[in-house]
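Open your viewer and keep the selection panel handy. We will walk through the model one stop at a time.

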Amino acid sequence: MIKINNLHKKFGKLVVLDGLDLEINSGGIFAILGPNGSGKTTLIKSILGMVIPNAGDIKINEQSVLKKWEYRNQINYLPQIANFPVNLSVKELISMVKNLRPKKANDTDLIKLFSLEPFLDKKLGNLSGGTKQKVNLVLTFMFDSELIILDEPTTGLDPIALIHLKELIQKEKSKGKTILITSHIMSFVEEVAGEIVFLLDGEIYFKGSIVDLKKQTNQVDLEHAIANLIAKENV
Amino acid sequence: MFKILKYSFYDLMRSRWSYVYFAFYLALGFVLLFLNNDINKAIITLLNIIIVLTPLIGTIFGVMYFYNSKEFTELLLAQPIKRSTIFIGQYLGISISLTLSLVLGLGIPFLMYGLFKSSAIFDFGLLLVVGSFLNFIFVALAFNVALSNVNKIKGFGYAILMWLFLAVIYDGAFLISLIVFNEYPLDKYSLFATMFNPIDLSRILILLKLDISALLGYTGAVFKKFFGTNFGLFVSLFVMVLWVIFPVWRINRKLRKKDF
């Protein structure tokens, strides 16, 4: 599904991605992990075309996506921090995004699921962080796309919303979607992700199942296994 | 692009500043007309205000909007929309809403005063055209500055500096150069120097039309001698169009390499 070849990205002198190669097959949940500043968000934004790589190629379904934009219709993206235009109301924002995509949207069910009805007419600038994240989730999941990219989806969510989020992710997986998730909450990753992609120093340091990772690092839980991976590099 | 334009436009219309700007021009129009009691005189006073003020407002609005709508822009960038569409849509949204404030704000008092019965209607029309051009030019220049500077404060500073340069410093430097080199023939030099400043160009454009030689100044006189009134008008309007096209082209070019 996604094939990334020798991807390089520098911000000034800071090398973020250094010849990254990655292949992600269609269907399943992939967790992209790595320490802070390891290039997770840069990788995701490169796939979305928001960051322009210095070198390398990104292919989705055998087609290079660099300098293109139509392919984004097949991607649902949840940005890391839910920052929306403060002057718009929730309803207006949802209808705006619906208007911008030539696709059928299923927002009513999601609004009900996250109990957002009372907030529909409120301005986005007046919402709490968690509520904004719920709006963010509605915007992401209301379209039916092959690829779903979630950047820190759990930020600010209450336990009930978190349960709904996990259900949503499983539902999309059962439909055969490819889901990329970044998160620092290891229990969440362990619960939802099928495969782990571990980024370090701008390259893929580990790719495989959670069981393999635990075996390789001789750890019983994921949190320690990841900590082990990061620590090994620092020694 | 129309969708983006529409949302940017509504967004601005909803913010208080568009109304403040509109109200300011409305008040200015009324005050000038009733103090001067003469449409022609009011137009000349207005010229001096428009030529300095519209670029300033255009610059500030352009930079402010660019930085303030960062989140909105990022939201749009993840949608299946071309980059240039997003930014050109936003650019047109700001420029059009500013131009609307200008045209309506000044148009209403002048219409009420009996503009249609006056021979000054074409002069006034040209004044609005020039004001609109200045809006489009300076919003585009502001976008250029903002695109090149990630740091908000820096971007704002450079944009204001750019306005100050074109509105004040350029003229000063130009005058000094005329004094220093006054032993040489300066006709062509001054002609070209004017073309490189949209504010000077607008001033000459209006003054050519009003045909007030006393106010034309050196460059204006050269302009008139060189091009004649009608051809001069045409040339300066054409250069104004170039002044819109070039910054917009650079916005597009800059966008291709920009990371968000």
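Start by selecting chain B and colouring it by secondary structure: from the N terminus on, its elements run α-α-α-α-α-α-α-α-α-α-α. Bear in mind along the way that this is a predicted model. Chain B has 11 helices and zero strands. Its radius of gyration is 19 Å, close to the 18 Å that the globule rule gives for 260 residues, so chain B is as compact as a globular protein of that length.

Among contacts in chain B with a separation of 6 or more, 81% come from residues 24 or more positions apart.

Now colour by charge: you will find 22 positive and 11 negative side chains in chain B, with the centres of the two sets 10 Å apart.

Hide the surface and select helix 5 of chain B, residues 83-112, where B:Ser95 lies. Is B:Ser95 buried or exposed? B:Ser95 has a relative accessible area of 0%, so it is buried, the cut-off being under 20%. To see what surrounds B:Ser95, show B:Phe136 and B:Val139: B:Ser95 is in contact with both, leaving aside its neighbours within four places in sequence.

Now move to chain A and look for its open sheet. Four strands make up this sheet in the order 2-1-4-5, with antiparallel pairing. Strand 2 (14-24) and strand 5 (63-64) of chain A stand at the edges with a single partner strand each, so one side of each has no neighbour in the sheet.

Select strand 1 of chain A, residues 2-11, together with strand 2 of chain A: eight bridges pair them in the antiparallel sense.

For the last stop, select strand 4 of chain A, residues 55-60, which is joined to strand 5 of chain A by two bridges in an antiparallel arrangement. Highlight A:Lys59 and then its bridge partner in strand 5 of chain A, A:Ser64.

Technical notes:
Residues numbered from 1 in each chain as written. Chains lettered and ligands numbered in written order. Predicted model: local features only at pLDDT ≥ 70, side-chain atom pairs only at ≥ 80, totals over all residues. Heavy atoms only, no water. Rg over C-alpha atoms; globule rule 2.2 N^0.38 Å. Contact = heavy atoms within 4.5 Å. Lys, Arg positive; Asp, Glu negative; His and termini not counted. Charge placed at Lys NZ, Arg CZ, Asp CG, Glu CD. Pairing = 2+ DSSP bridges. Buried < 20%, exposed > 50% of the residue type's maximum accessible area, 1.4 Å probe, protein only.
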